[in-house]
Amino acid sequence: MIVAAVQSDVAPTVAETLATVSSAAAAAAERGANLIVLPEMFATGYHVDPRELGIGAEGAGRFLEETATDLGVWLMGSHAALSSTPGSGDSARVRNRLTVAGPNGERFHYDKRHLFTYASEHLGYEAGGPTLSIVVDGVRITPSICYDLRFADDFWASGPETDLFVVVANWPIDRQDHWSTLLTARAVENQCYVMGVNRVGRAGDLEYQGGSCVIDPHGRLLAEVDGPWAGTALAAIDEKEVAAERARYPFLDDRR
């Protein structure tokens with residue numbers, strides 16, 4: 001399977017942003033990508049207060065579904081969405097949702113489990129539930145969102161049944177070293193592929209460096225966007241390599 005990490009910025013309007021990522025996704029599909037991944041809150045950028053997301057946030061899920069069908073690929077990205085459970089007020093019912101859309105109308109979602117209380121995300125959003133794992137072209141994929149990356153226990157729990165972890169993010173430059181280190185750690189710990197997809201640009205006082213990449217089960221960098229600009233990193237994912245790495249070094253068997 002060929003995966004594509006689309007590193008993008010957020011334009012002044014949702015329509016402009018969707019046009020840009022649509023073009024990038026189409027270009028990746030032309031290069032043979034089966035799975036194309038966009039950053040966290042790809043259509044609007046990350047906002048602690050969901051009321052600042054603006055018109056179009058809810059339409060991001062539909063965009064993913066329609067684009068996946070049009071291009072004949074699998075497409076992922078996170079966006080704001082209302083939860084299906086009652087809440088105390090509109091803002092309390094908003095979730096940071098990663099939608100997985102398939103070429104034949106398939107649709108799955110994962111809602112961010114770990115809310116970034118350091119930036120008061122928990123005041124505007126509702127935490128999600130269980131992890132999601134799906135199989136695409138024989139590859140077992142488990143997605144997560146930004147701050148989730150810091151919680152190794154979730155990755156350890158899903159690791160034995162995962163060939164590829166996907167992490168979408170709005171990870172700021174101030175903690176860029178954490179981003180690259182943790183992505184590599186999750187690959188090495190779980191002996192599987194890890195794909196990190198981060199945004200670039202500025203939003204208020206925050207600057208985003210990108211660092212989107214694909215890491216193999218041995219912790220080696222397969223592909224990256226090597227600068228703070230929009231671009232796409234493509235890499236081949238082979239689930240047999242995961243099985244071979246784990247057979248060669250049966251470290252997961254020693255977890256207690």
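Analyst: A nonpolar core is a set of buried Ala, Val, Leu, Ile, Met, Phe, Trp, Tyr and Cys residues joined through side-chain atoms within 4.5 Å. Buried means under 20% relative accessible area, exposed over 50%, and partly exposed in between (1.4 Å probe, protein chains only). This is a predicted model, in which local features need pLDDT of at least 70 and side-chain atom pairs count only at pLDDT 80 or more, while totals for chains, interfaces and linings use all residues. Residues are numbered from 1 along each chain as its sequence is written, and side-chain values use heavy atoms, with hydrogens and water left out.

User: Which residues have the most contacts inside the largest nonpolar core?

Analyst: They are Val3, Leu35, Ile141, Leu164 and Met195, in a core of 44 residues. Its largest share, 6 residues, comes from strand 8 (residues 164-169); strands are DSSP runs of E, at least two residues long, numbered from the N terminus.

User: Why is Asn198 called buried?

Analyst: Its relative accessible area is 0%. The limit for buried is under 20%, so Asn198 is buried. Asn198 belongs to strand 9 (residues 193-198).

User: What makes the chain agree with a compact globule?

Analyst: The radius of gyration is taken over C-alpha atoms, and the globule rule is 2.2 Å times the number of residues to the power 0.38. For 256 residues a compact globule would have a value near 18 Å; the chain has 17 Å, which agrees. Buried residues make up 52% of the 256 residues.

Terms used: Helix = DSSP H or I, 4+ residues; strand = E, 2+ residues; numbered from the N terminus.
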